[in-house]
Amino acid sequence: MKNSAPQHVPMSQFGTRNNNLVIGGIELPQVVERVGQTPFYAYDRKLITQRVTDLRNAMPEELKIHYAMKANPMPAVVQHMAAITDGLDVASAGEMKVALDTPIPAGNISMAGPGKRPGELRQAVAAGITINVESANELEELANQSEHLGITANIAIRINPAFELKSSGMKMGGGPKQFGIDEEQVPNVLNRIKELNLNFKGFHIFSGSQNLKADSIIDAQEKSIALAIQLTDDCPSPIQKLNIGGGYGIPYFPGETHLDVGRVGDTLAIRMQEAKEKIPTAEIIIELGRYLVGEAGIYVTQIIDKKTSRGQVFLVCDGGLHHHLAASGNFGQVIRKNYPAAIANKMDLKTTEKTNIVGPLCTPLDTLSDKMDLPEAEVGDFVVIFQSGAYGFTASPIAFLTQPNAQEILI
Ligand SMILES: *Cc1c(COP(=O)(O)O)cnc(C)c1O
């Protein structure tokens, strides 16, 4: 896959000083010394805060913004997010533990995901968080757990809508899916809730991920709110929480541009005005992972060998797909494309060499960049991969080939 745009240019969210990439105000070689090793991930807390502030300015004031922890569950990051967002969305009891360690009240934590185990549901009921119910069986299990514990579970119904989030990197709604309860079955499930001792909170409609098209997101948000309004008469009690998902994407590859959140926010404001009349008790929530943290993170690895094979240059690094599966193109991408990368201690040098950046694993899949134009690099230089704050470390097969682990730092 050929990329035409210059790739050595630092991502504009990071600065440079003395030829070095700067993160958290510190030149990269000093960050390396501070961490004490490569490879590592570094996340810039100021950039994360700025992103949330900008997003709030673009979105309607009453909209609640939740952080979907699976994008980056590093406890320090989650603590930071807890201070600047309105709630946390977890996908397991393990994530719930980290979420409950923050100051966010249990009432603003929700759990989603198919296949929640009975023990996990029990923990969630005991914690008092909102459980997004994904099947009729799960509903019965929750009623049993509630009775057993003498604690009424807070539940929302996750709906698999009839519509889908168009142009989404990963669709998670519409058609047959393992997520949520099909829209057509929801009235029956709501009737069943009336017979059970459960605390009905509302609905969760998450239809997809990594979307850069404002129109697609606007369309999905509009349909999600309309669907909730349409279901109100079947609800056992007024809707308190309406989680309309997220899917806001970030640009990774040449030609991709930032999502126009201004337009999304303007349209959502109109829809929320309508919702205020028809479902006045409902607090409207979006849940975002990647959009909030993805652009604030880098992956840093050091070049340990440089070789030429039949005319092509290979920079062999101490890190690779075992820490950063997504950058190798093996995490949901259809066609492998290069994540933006740079030689972090040669930021101001001209690109004079076409290079392949590879990791230490014995598999050709361990390629971080394919034929990228970069300044001439040598052993000891640092390679950074940008757009690495989400679905990086914990989305990678770290046990593969028993390599040393990567560190993480919030700076
Ligand atoms: C993964 C996931 C998210 C986060 O998606 P992003 O694309 O990272 O914003 C939000 N909600 C649910 C239910 C998810 O499964």
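Me: What makes the second largest cavity count as a cavity, and how much space lies in it?

Reply: In this predicted model, about 60 Å³ of space lies in the second largest cavity. The word "cavity" is used because a 1.4 Å probe fits there but cannot get out.

Me: How do you know which residues line the second largest cavity?

Reply: A lining residue has an atom within 4 Å of a cavity point. There are 13 residues that line this cavity, and the closest to its centre are Ser 207, Ala 220, Ile 244, Gly 245 and Gly 246. Helix H8 (residues 214-231) gives the most to this lining, with 4 residues.

Me: What makes a residue in that lining polar or nonpolar, and how many are there of each class?

Reply: Ala and Ile are on the nonpolar list, while Gly counts as polar. By class, the lining of the second largest cavity has 6 nonpolar, 7 polar and no charged residues.

Me: How many cavities are there, and how much space lies in the largest?

Reply: The count comes to 3 cavities of 30 Å³ or more. About 100 Å³ of space lies in the largest cavity. Of the 14 residues that line the largest cavity, the closest to its centre are Ser 110, Asn 132, Lys 241, Asn 243 and Ile 285. Strands E7 (109-111), E8 (130-133), E12 (199-204) and E14 (241-243) each give two or more residues to that lining. The lining of the largest cavity divides into 4 nonpolar, 8 polar and 2 charged residues.

Me: Now for the strands. Why are strand E16 and strand E17 said to pair?

Reply: Two strands pair if there are at least two bridges between them. Strand E16 (residues 297-309) and strand E17 (residues 312-317) are joined by 6 bridges, so they pair, and they run antiparallel. One of the links has Lys 307 with Phe 314 in E17 as its bridge partner. E16 and E17 form a hairpin with 2 residues between them, and Arg 310 in the turn has a positive phi of about 45°.

Me: In which sense do E17 and strand E19 pair?

Reply: E17 and strand E19 (residues 353-358) pair in the parallel sense, over 4 bridges. Here Phe 314 stands opposite Asn 356 in E19.

Me: Why do strand E1 and strand E3 stand at the edges?

Reply: In the open sheet, 3 strands come in the order E1-E2-E3, with antiparallel pairing. Strand E1 (15-17) and strand E3 (26-27) each have a single partner strand, so one side of each is left without a neighbour in the sheet. Strand E2 (residues 20-23) pairs with E3 over 2 bridges, and Val 22 stands opposite Glu 27 in E3.

Definitions and conventions
Residues are numbered from 1 along each chain as its sequence is written. This is a predicted model: local features need pLDDT of at least 70, side-chain atom pairs count only at pLDDT 80 or more; totals for chains, interfaces and linings use all residues. Side-chain values use heavy atoms; hydrogens and water are left out. On a 1 Å grid over the protein atoms alone, a cavity is a set of points where a 1.4 Å probe fits but cannot get out, and a pocket is an open set with protein on both sides within 12 Å along at least five of seven lines; lining residues have an atom within 4 Å of a point. Grid points are joined across faces, edges and corners, and a volume is the space filled by probe spheres set on the points.
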